[in-house]
Amino acid sequence: MSADRLDAAKAIAREAGTMALDFFKDLSALDIKSKGAQDMVSNADLEVETFVRARLAEAFPEDGIVGEEHGDVASSSGWTWVIDPIDGTANFVAGIPQWCVILACVKDDQTQLGAIYEPCNNEMFWGARGKGAYVNDAKLAIASTTGLNDGSVGVGMNGRTETHMASNLIADLSERGGIFFRNASGGLMLSYVAAGRLIGYTEPHMNAWDCLAGQLFIAEAGGRVEHQSAGQMLETGGRVIAGSPDIFDELLAMSETAFKA
């Protein structure tokens, strides 16, 4: 773990979130374009990512960078930064205060550290491999639950996967007495699992910039995360299933059934 990189991740995420918040306060000035079904980008996304890239390049010029809105930069140090400048853009452009800035850093095929800043509530989720995870100064801890009927499960969906996948999962969850939660920001929902606010999270496909930091937080907070190669996630994305140890196996089995083509 690189302490200087963790400090930088937190500082840059906060600066970027403050910058995005200025855009959020004047939504009428945004230039919004569609990238696909329920997938938008605004000039705020582009400018915030440009800012983050510049700060990272200045601080760690040999590190690689992968971001949602701009091209990749190769790494010569072994470290690669993964950026989502505004996760939850659909919320952002609609004036819904559920969005965040995400930074993760990968080395040796594992996510080593991350920071997710949610400016509207001034919550900084952060953590590092083997060092725990926190929100602001409070240590995160996964929820203790008696079953899927004892808490809410985050369910993600997107235009890259078949619509029946999420609906099948939600139907099964409901039959087991569970409740599903969705706020259109995968990064925040994963952070909420780490904080014990949700008992689990499942989505048939996520991009690396949406999930790597949150998955790390869950593992560091005592939760279980389906094992993945960080390198493979950077290339293609993949399925994300995580949660309390009490319900993980059941949620995994449900997801495998629901997400069949």
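Visitor: Which residue lies over the face of Trp-126, and at what distance from the ring centre?

Guide: In this predicted model, the residue over the face of Trp-126 is Lys-10, at 3.6 Å from the ring centre.

Turning to the helices, H1 spans residues 3-24 and H2 spans residues 43-59, and their axes come within 10 Å and cross at roughly 155°. Because angles over 145 degrees count as roughly antiparallel, H1 is roughly antiparallel to H2. The contact is made on the H1 side by Ile-12, Glu-15, Ala-16, Met-19, Ala-20 and Phe-23, and on the H2 side by residues including Val-48, Phe-51, Val-52 and Leu-56. Divided by class, the residues of this contact between H1 and H2 are 10 nonpolar, one polar and three charged, and H1 passes H2 in a right-handed crossing.

A second pair is formed by helix H4, residues 163-175, and helix H8, residues 248-258, which pack at an angle of about 135° with their axes 8 Å apart; H4 and H8 are therefore oblique to each other. On H8 the contact is made by Met-254, Ser-255 and Ala-258, while H4 contributes residues among them Met-165, Leu-169 and Leu-173. By class, this contact of H4 with H8 has five nonpolar, three polar and one charged residues, and H4 passes H8 in a right-handed crossing.

Conventions. Residues numbered from 1 in each chain as written. Predicted model: local features only at pLDDT ≥ 70, side-chain atom pairs only at ≥ 80, totals over all residues. Heavy atoms only, no water. Lys NZ or Arg CZ within 6 Å of the ring centre and 35° of its normal. Axes fitted to C-alpha atoms, helices over the stretch in contact; angles between N-to-C directions. Helix = DSSP H or I, 4+ residues; strand = E, 2+ residues; numbered from the N terminus. Parallel < 35°, antiparallel > 145°, perpendicular 65-115°, else oblique. Left-handed = near helix turned anticlockwise from the far one by under 90°. Contact = heavy atoms within 4.5 Å. Nonpolar A, V, L, I, M, F, W, Y, C, P; charged D, E, K, R; others polar.
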